[in-house]
Structure formats: structure tokens, C-alpha cells
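Subject: Model handover

Hello,

Please find the model we talked about below. My notes on what turned up follow it.

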Amino acid sequence: MKDTVLDILADLTGSDEVKTNLDTELFNSGLLDSMATVQLLLELQTQLGVDVPVSEFERSEWDTPNKIIAKVEELG
Amino acid sequence: MISMQPYQNPTYFLYLTVALLPIMIGLLRGKRYRLYETVISLAFLVLTFGGNVWIQGVSLIGYIIYEVALIFGYFHYRQKKNASWVFYLLVFLAIVPLAIVKLEPVFQLGKISLFSFLGISYLTFKAVQMIMEIRDGAIKEVNLMLTLQFLLFFPTISSGPIDRYRRFIKDYTQVPDQDKYLTMLGKAVHYIFLGFLYKFALAYFFGTVMLPKIQMIALAHHGLSWWVVAYMYCYSMDLFFDFAGYSLFAVGTSYIMGIETPVNFNKPFISKNIKEFWNRWHMTLSLWFRDYIYMRLVFLMMKKRWVKSRVAMANIGYITLFLIMGIWHGLTWYYIVYGIFHACAIIINDMWLRFKKKHRQAIPHNKFTEMFAIFLTFNLVCFSFLIFSGFFDKLYFMH
């Protein structure tokens with residue numbers, strides 16, 4: 001699961017930084033924007049079957065790879 | 001009796017201080033006097049929507065009953081079913097009163113609007129947001145009293161900031177511990193005094209002292225002159241200090257009541273690009289548009305595969321968002337052009353960001369380029385405010 005999330009993130013951000021530093025700040029650094037966020041939600045749905053409505057996406061809870069993995073574990 | 005618009009004069013602040021004192025003492029002792037808070041809220045609503053503008057008060061009551069009926073009706077429906085068309089119908093119905101108010105001046109349906117009252121657009125944002133979150137299943141229960149407290153929260157009723165239901169009730173249903181509350185009080189005092197500086201010194205200087213003079217001279221020149229440029233900067237400063245000042249009062253008052261209403265401005269004029277600007281300017285509005293329009297629309301386009309290219313999807317999202325934002329300000333050509341201007345600016349901004357990502361090594365980045373970016377963004381934004389001000393309308397179409 002963790003690897004899938006990291007692959008999705010690496011693909012969306014176009015950078016391997018997310019795999020080496022799991023505390024990378026995704027929004028403040030500009031690696032993820034609203035567009036990529038929506039893609040992330042859809043990929044989580046199709047690849048992992050985790051359903052995250054846009055309403056539940058509170059940026060401060062999803063802003064590093066570690067936090068995203070924790071969230072997916074919680075919701076999965 | 002003459003009604004009082006929030007935060008406009010010393011008397012209002014005097015009433016506010018007296019009314020908030022018991023709430024403050026209560027919160028310091030770890031208690032929320034809910035009945036007292038409710039009575040005070042009602043008193044301030046009467047102060048704003050009563051007296052010589054009592055018709056607005058009647059509209060407000062009718063509007064609230066209507067929206068609450070929609071929210072509760074949809075909540076009960078959503079517990080059993082989840083058809084898309086019902087959801088879209090409900091969003092449409094929730095927007096109807098606001099749409100009528102915005103359309104009325106265009107069709108001149110009559111001099112006094114039946115539906116109009118101060119703050120109707122901000123209430124509509126709150127109601128629509130609740131309907132969308134009910135659909136997502138994010139709002140799992142609705143409580144009549146809490147919904148009314150959320151919608152009618154008096155410190156933010158006239159012009160926001162736009163809070164979120166789940167965030168608001170989390171604050172409202174608990175009492176901050178003493179340390180936290182003391183920090184909040186410190187911030188509140190800071191915000192309110194900064195608000196005085198912004199609204200009653202700076203906005204007064206730019207808006208009341210300078211702007212009418214500059215406007216007169218600029219209009220006397222018939223057409224473009226350096227005075228139009230002066231007007232542009234002066235208007236932009238007035239717009240910022242006036243609205244940021246108001247927002248600081250609203251947030252400060254909320255904090256005193258133990259509610260952490262989100263801030264509206266975060267140094268917008270140091271933004272390095274338009275995208276950053278919209279994350280710093282009238283933030284609760286732009287984040288509302290981002291979360292409830294842009295992201296949902298992109299989600300839909302991506303899921304249903306209506307549009308293939310990511311770039312096209314983002315651009316359709318931007319154009320929709322800013323067109324709606326423009327129309328929301330009012331159905332005049334300059335608000336709509338303002339919206340289109342920002343949509344174009346952000347699309348070009350995105351193109352540049354993509355180009356920069358590809359050619360990272362070739363593009364210099366230093367203090368000077370950053371200063372240039374801030375300068376460029378500031379001037380672009382001020383120009384957009386000049387469009388927004390309707391000054392061109394006066395200059396070219398009102399002879």
C-alpha cells in the first residue's frame with residue numbers, strides 16, 4: 001500500500017523527492033496543486049479502492065507523504 | 001431607530017465591548033453562557049437588520065427559514081438516497097434567492113428588493129457548502145440550533161470571513177482551555193487595533209480623503225492620463241485596507257467569543273504570482289471557490305473523462321471559477337471582465353510555471369527576480385482592481 005501511494009505521488013509531482021523524504025511538504029513547496037490533488041484522490045480510488053470525498057480533504061492533514069499514508073491506512 | 005452596520009462607528013464598538021465582557025469572563029472561567037450568547041447575537045442582529053431597515057430583517061428571516069428547510073430536507077433525503085439530480089436541484093434552489101437579488105438591478109424589477117439584505121451572498125456560501133458536504137457524507141448530523149448559530153453568527157454576518165460548518169461547530173460546542181483562550185484574546189486585541197489602523201486611518205485616508213479628489217481630476221482629463229494610474233493605486237489601497245480592516249474586526253470579535261474564524265488576508269501584496277495572490281487575498285472566498293467549485297468540477301471532468309488533457313481541464317476550471325466569481329460581484333461588464341482577466345492571468349501563470357519546471361537550470365532565480373515578480377504581480381493585481389472599480393465605465397460610458 002505504502003509503495004503504491006509513493007508511486008502515485010512520485011508520478012504526480014514528477015519528482016522522486018517524495019520517496020526519499022517522507023516529510024516533504026507537498027503544498028507549501030508547490031509539488032502538489034489543486035489539480036494534482038484531485039488526481040491523487042482519483043488514483044487512490046482506482047488503485048487502492050479508498051474513497052475520499054473532496055470535503056474530507058483537509059490540506060493540513062494531507063500535506064506530507066507520511067500523513068497521506070497514515071490517512072489512507074485509516075480510511076482503507 | 002436607525003440601524004447600525006457592523007464595525008462602522010464608535011457606538012457599535014462600545015456596545016460590542018459591553019456585550020462581550022460577560023462572554024469573556026465566562027470563557028476565562030471555562031464556561032460558555034449559551035443563553036446569554038444567543039440573546040446577544042439576536043440583539044446585534046436586530047441592531048443591524050432592525051430599525052429603519054426592518055424590511056431587510058424580514059427578508060433575512062424568510063431567507064433563513066427557506067435555506068434551513070432545504071438543508072434539513074436534503075439531509076433527510078440523503079440518509080436514504082443519493083441521486084445526482086436531487087443534489088443539483090438543491091444547490092440550484094439554495095442559490096435562487098441570491099440570483100434574484102443579483103439579477104434584479106439588470107431587469108429593474110422594482111425599486112425595493114424583496115429578497116435583498118446585507119450579507120445574503122455570504123449566507124448563501126455557507127448554505128451551499130452545507131448541502132455539498134451533506135452529499136459527500138462529510139456532515140453526518142445536522143442540528144437546528146447549531147445550524148442557526150453557524151449561519152447567523154453575528155460577527156461575520158455582513159461580509160464574512162466565510163467559515164465552514166464542521167469547523168465552526170467544533171469551536172462552538174467546546175470551551176478553549178485557559179492558556180489557549182488567553183492567546184486568542186491577545187490575538188483578538190491585536191487584530192482589532194490593527195483593524196482600527198487599517199479601516200479608520202488608512203482606508204479613510206485613501207478612500208475618503210484622496211480618492212474623490214483623484215477621481216475628479218482623472219475624469220476631468222477625459223480619457224487616459226497619469227491620474228488614472230494614481231486612481232488605480234489609491235483605489236487598490238482603499239479596497240485592501242477597508243476590507244482587511246473589516247475582516248480583522250470580524251475575526252477579532254469571533255476570537256473573543258472563542259471561535260477561531262479563519263483569517264481573510266495574509267499579506268497579499270507580497271505574492272510572487274497570481275496563484276499565490278489568490279491564496280492570500282480574500283482567502284475564505286477563494287478557498288471556498290477552490291474547494292466547492294474548482295476541485296469538484298475538475299474531479300467530475302477527470303472521473304467522467306469529459307476532457308482528456310490536464311491543462312485543458314485546469315483551464316476550464318479556472319474560467320468557470322473566475323466567471324462565477326465575477327458574476328457573483330454583480331452583473332456589470334466590469335465585474336465580468338475582472339473575472340476573465342484573472343482567469344487569463346492564472347492560465348498564463350500556469351503556463352509559465354510549467355515552462356519553468358522544464359527549464360529549471362536555464363532560468364535565473366535570485367533576490368532580484370523575486371522582487372521583479374512581486375512588482376509585476378502587484379501591478380497586475382492593481383490593474384485588475386481598476387477594472388473592478390468600474391472607473392472605466394465612468395470614464396467612457398457615462399457621459
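**Helix packing in chain B**

In α3(B), the residues B:Leu60, B:Tyr63, B:Ile64, B:Glu67, B:Ile71, B:Tyr74, B:Phe75 and B:Arg78 meet B:Ile120, B:Leu123, B:Thr124, B:Ala127, B:Met130, B:Ile131, B:Ile134 and B:Arg135 of α5(B). Contact here means heavy atoms within 4.5 Å. By class, this contact of α3(B) with α5(B) has 12 nonpolar, one polar and three charged residues. (Ala, Val, Leu, Ile, Met, Phe, Trp, Tyr, Cys and Pro count as nonpolar; Asp, Glu, Lys and Arg as charged; the others, Gly among them, as polar.)

Helix α3 of chain B covers residues 54-80 and helix α5 of chain B covers residues 120-136; they pack at an angle of about 10°, with axes 9 Å apart. That makes α3(B) roughly parallel to α5(B). Angles under 35 degrees count as roughly parallel, over 145 as roughly antiparallel, 65 to 115 as roughly perpendicular and the rest as oblique. Axes are lines fitted to C-alpha atoms, for helices over the stretch in contact, and angles run from 0 to 180 degrees between N-to-C directions. Helices (H or I, at least four residues) and strands (E, at least two) are DSSP runs, numbered from the N terminus.

**Ground rules**

This is a predicted model: local features need pLDDT of at least 70, side-chain atom pairs count only at pLDDT 80 or more, and totals for chains, interfaces and linings use all residues. Residues are numbered from 1 along each chain as its sequence is written, chains are lettered from A and ligands numbered from 1 in the order written, and side-chain values use heavy atoms, without hydrogens or water.

**Domains**

Chain B divides into domain 1 (10-172), domain 2 (178-256) and domain 3 (268-397). The bounds come from an automatic or database domain assignment. The C-alpha centres of domains 1 and 2 of chain B lie 26 Å apart. Their contact takes 15 residues from domain 1 and 14 residues from domain 2.

**Pocket and cavities**

The search ran on a 1 Å grid over the protein atoms alone: a cavity is a set of points where a 1.4 Å probe fits but cannot get out, a pocket is an open set with protein on both sides within 12 Å along at least five of seven lines, and lining residues have an atom within 4 Å of a point. Grid points are joined across faces, edges and corners, and a volume is the space filled by probe spheres set on the points.

The second largest pocket has a volume of about 1,400 Å³. Its lining has 42 residues; B:Phe87, B:Tyr88, B:Met132, B:Tyr292 and B:Arg296 lie nearest the centre. α4(B) gives the most to this lining, with 11 residues. Domain 1 and domain 3 of chain B each supply at least three. The lining divides into 28 nonpolar, six polar and eight charged residues.

There are two cavities of 30 Å³ or more. Helix α2 (residues 34-49) of chain B gives the largest share of its lining, three residues. The second largest cavity also holds about 40 Å³. A:Val54, A:Phe57, A:Arg59, B:Arg290, B:Asp291 and B:Met295 line it.

**Backbone**

Most residues other than glycine have a negative phi, and most peptide bonds are trans. B:Tyr7 has a positive phi of about 60°. The peptide bond from B:Gly160 to B:Pro161 is cis, with omega near 0°.

Best regards
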